[in-house]
Amino acid sequence: MLKPLIIRLASMIVTLIGVAIVVFVLIRVAPGNPIAMMLPPGASDQDIAQLVALYGLDKSLFQQFIIWASGVLQGDFGTSIVLRQPVLGLVLDRLPATLELSFLALFIAVAIGGVTAIWGARERGRSPEAAVDLFNGAALSIPDFLWALVFILLFGVVWPVFQISGRISPHLDLPFSTQFYLFESIFRLRFDLLGNLLNHMLMPALSLALPLAAIVSQLLKQGLKDVLQLDYTVLARVRGFTETQVILREALRNAVLPTLTLVGVQFTFLIGGTVIVERIFSYEGLGNMAIDAVINRDLPLIQGIVLMFALLFIFVNLAVDIAYTFLNPRLRHG
């Protein structure tokens with residue numbers, strides 16, 4: 001396994017370099033002047049020239065990239081033009097919120113998709129399977145941002161049981177030592193904070209989870225139906241296993257491998273989907289910050305956020321490949 005891992009790590013480096021180059025060039029050829037947005041009306045040409053020189057925008061595109069890339073290799077992603085703070089600190093401060101939202105959405109998607117898939121496979125050929133297919137079609141056809149608006153209307157306005165904005169109520173005492181509020185509240189057994197966090201997170205997490213749940217449900221259900229026709233599952237029924245026992249004890253472990261790969265790939269799209277959903281719910285995550293950075297033409301912050309998203313996508317795919325190799329005996333012993 002060492003050689004494929006080395007090849008994969010090398011491809012990760014090439015991918016990151018490619019992403020960095022593309023993003024760096026695109027955001028600089030896009031219309032708009034970030035320096036003009038920083039200065040008050042009536043600023044002199046000297047003030048503009050000083051700011052342009054301060055952020056290195058007076059140099060050629062190639063020189064700007066070399067300076068920025070050299071800084072990134074040393075852990076310096078530059079300084080935000082609008083917020084006047086180090087980009088790396090800003091990104092790392094918001095990243096935990098996005099990761100917690102993404103993992104909660106993934107947990108909900110796998111739970112819903114797994115339960116509906118098992119139920120549909122158990123009741124295959126009957127009306128419950130048709131109900132599962134109808135749910136999958138509806139969940140997949142509606143995008144996550146539209147689910148977000150529906151949930152705000154239903155559970156924030158008509159029946160106000162959930163908070164519709166923010167990450168946690170500002171009046172609470174926050175004894176957190178990290179930005180991973182959800183995980184830390186569990187470890188500290190602060191269930192009051194955990195309840196408040198979930199009250200803010202459930203609607204955006206469910207908005208992100210439903211399309212992925214439909215994909216998981218459809219693929220896993222089809223995999224289970226195929227496995228349930230094999231000889232060893234028939235033998236399990238002969239031995240007296242119920243249909244549920246056959247699915248859980250015999251079929252599920254073999255049908256879940258293709259779903260695992262798909263979940264890993266779709267999880268990267270789920271992280272990308274947090275951008276719009278975080279904005280809708282005013283959730284203080286990396287996606288919400290990305291929209292502000294684009295609106296304000298904050299070039300260093302945009303570059304840092306995109307590079308962080310690229311790193312997340314690459315490492316998630318690498319983790320899925322490693323997990324699939326360990327779970328699939330043909331690859332593990334090949």
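**Exercise 1. How are α11 and α12 oriented to each other: roughly parallel or roughly perpendicular?**

This is a predicted model, in which local features need pLDDT of at least 70, side-chain atom pairs count only at pLDDT 80 or more, and totals for chains, interfaces and linings use all residues. Residues are numbered from 1 along each chain as its sequence is written, and side-chain values use heavy atoms, without hydrogens and water.

*Step 1.* Find the helices, which are DSSP runs (H or I, at least four residues) numbered from the N terminus. Helix α11 covers residues 243–280, and helix α12 covers residues 286–295.

*Step 2.* Take the axes, lines fitted to C-alpha atoms over the stretch in contact, with angles from 0 to 180 degrees between N-to-C directions. They come within 7 Å and cross at roughly 85°.

*Step 3.* Angles of 65 to 115 degrees count as roughly perpendicular, under 35 as roughly parallel, over 145 as roughly antiparallel and the rest as oblique. Therefore α11 and α12 are roughly perpendicular to each other.

**Exercise 2. Name the residues of α11 that meet α12.**

*Step 1.* Contact means heavy atoms within 4.5 Å.

*Step 2.* Val275, Glu278 and Arg279 supply the α11 side. Their partners in α12 include Leu286, Asn288 and Ile291.

**Exercise 3. Which residues have the most contacts inside the largest nonpolar core?**

*Step 1.* A nonpolar core joins buried Ala, Val, Leu, Ile, Met, Phe, Trp, Tyr and Cys residues through side-chain atoms within 4.5 Å. Buried means under 20% relative accessible area, exposed over 50%, partly exposed in between (1.4 Å probe, protein chains only).

*Step 2.* The largest core has 65 residues. Trp68, Val91, Met201, Leu286, Leu301, Ile305 and Phe309 have the most contacts inside it.

*Step 3.* Helix α9 (residues 191–227) gives the most to this core, with 13 residues.

*Step 4.* Look at Leu286. Beyond four places in sequence, its contacts include Val91, Ile305 and Phe309.

**Exercise 4. Describe the ring pair of Phe24 and Phe65.**

*Step 1.* Rings of Phe, Tyr and Trp (its six-membered ring) pair if their centres lie within 6.5 Å; planes under 30 degrees apart are stacked, over 60 edge-to-face, the rest tilted.

*Step 2.* Phe24 and Phe65 are 5.3 Å apart, centre to centre, with 75° between the planes. The pair is edge-to-face.

*Step 3.* Phe24 sits in helix α1 (residues 2–29) and Phe65 in helix α4 (residues 61–73), so the pair ties together parts 41 residues apart in sequence. Both residues are buried.

**Exercise 5. Is Leu210 buried or exposed?**

*Step 1.* Leu210 lies in helix α9.

*Step 2.* Leu210 counts as buried because its relative accessibility is 7%.

Methods
Helices (H or I, at least four residues) and strands (E, at least two) are DSSP runs, numbered from the N terminus.
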